[in-house]
Amino acid sequence: MARAGTPDLLTRRGDGAAAARLLALAAAENPDAERCRQVAVAWQEAGHLAESIPWYRRAGLDRAADAAIRAWQAQTGKVRPPQAPDDPLLLEALRRIPLLARTDWRDMSFSILTGGRHNTLYRIDSAAGCHVLRLERFPSDRWYGYGREYATLRTGRDLGLAPEALYFDSADGTLLQPFVNGRPLTADDFDDEPRLRRLGRLFVRLHGGPPMQGGYDVFRLIRPLERALSDRDTTDIPDLPRIGAWVHHLDRLLRANGVPSAPCHNDPVPANLFDDGTRLLLIDWQCAGMTDPDYEVGFFLAEVAPHPAGQRALLDTLFGRSDHPRTARVLLYQAISRYYWLLFGLRMRRDGLGEEAWGRRVRVNLRRIRQMGQDETMKSALQVVAPYRESGARAFSDQVGKRSSRHCGGG
């Protein structure tokens, strides 16, 4: 017997759109051609011609997609916004996103936003307001992650840390959000101690929030990079094997602490942080999931490298005092983060993206990780981290949960 909420039962109740939406979620997890075709047919039978178009394309049924486009155009009288860039994926998104499909296209304006490493980002101004549209490069090898991203994005929105998702396609990652009335931040913006304290409160709220789907482990990214790089790619770094062995030793020490995983964004680079004047917001939740929260803080500090007083302000906000044992774990994770970006930069250099694009980043991370390996502060941190165990971590986790509930009102 079909359970309440299944596609068959919803169809019998006349809720064809809800049935198609459930089929789409299932197809996003297992995106074979037949499932995609079933989703396309379900959307079309529910009267949502625009939604059926990309699913016909994903099923390899281009003729059916073209027929759906012609039918939709005849139904709406819309062909193409006069100012639209020549981007077929953009046109498909305009047709299938209800808020944009219903809007007068004649006065729409478009501008491409910079900063997307895996996506194309458009700012769209229209009578419906100002929005950001994310188009994933297609075909994508990450279909399986979009359902999870949508769930984590909603969690971030509920915590007041992310813009609302007005539309999300779980099959290809197409996302429409309100344009944040602020600006993306830079590393220089975090020379400001009050902003670092606000970021600390953001981390407290996020890490103390409800569990997220999936997990994140930076070593699942590090190990393939290590395997991909040959001796020929790293001849100018003879001590790289020693550095790698040291970083893996740090990882074993940190895992032995038994610090419980927490919900994390996992990509808090300055460009993913916006300040709207009253609060900080995070965008780009594709990496979000459960992980060691001290990794996220270490990742941020390695990216930004604020002055010592600013770093103390952030750690004091997070842990109650800047010399809390967890701050030593954050320092070790800074080394791990720098090792990841060192390997990533070496691979980019090997793949021909050039000295100008990645050479400086390779040199900076290599110099810093060498310094950290000899630094007395790092040696002291190792002495703190080695005996640290789960019981203290659990007590701190409870403390974070209590502080998170107190900070839910502001950024």
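Modeller: Gladly! This is a predicted model, where local features need pLDDT of at least 70, side-chain atom pairs count only at pLDDT 80 or more, and totals for chains, interfaces and linings use all residues. Residues are numbered from 1 along each chain as its sequence is written, and side-chain values use heavy atoms, with hydrogens and water left out.

Colleague: Let's start with the loop between strand S7 (262-264) and strand S8 (273-275), where Asn-266 is found. Why is Asn-266 called buried?

Modeller: Buried means under 20% relative accessible area, exposed over 50%, partly exposed in between (1.4 Å probe, protein chains only). Asn-266 has 1% relative accessibility, so it counts as buried.

Colleague: And what makes Asp-284 partly exposed?

Modeller: Its relative accessible area is 27%, so Asp-284 counts as partly exposed. Asp-284 sits in the loop between strand S9 (280-282) and strand S10 (289-291).

Colleague: How do you know whether Thr-327 is buried or exposed?

Modeller: Thr-327 has 13% relative accessibility, so it counts as buried. Its contacts (heavy atoms within 4.5 Å) include Leu-315, Phe-319 and Arg-321, leaving aside residues up to four places away in sequence.

Technical notes: Helix = DSSP H or I, 4+ residues; strand = E, 2+ residues; numbered from the N terminus.
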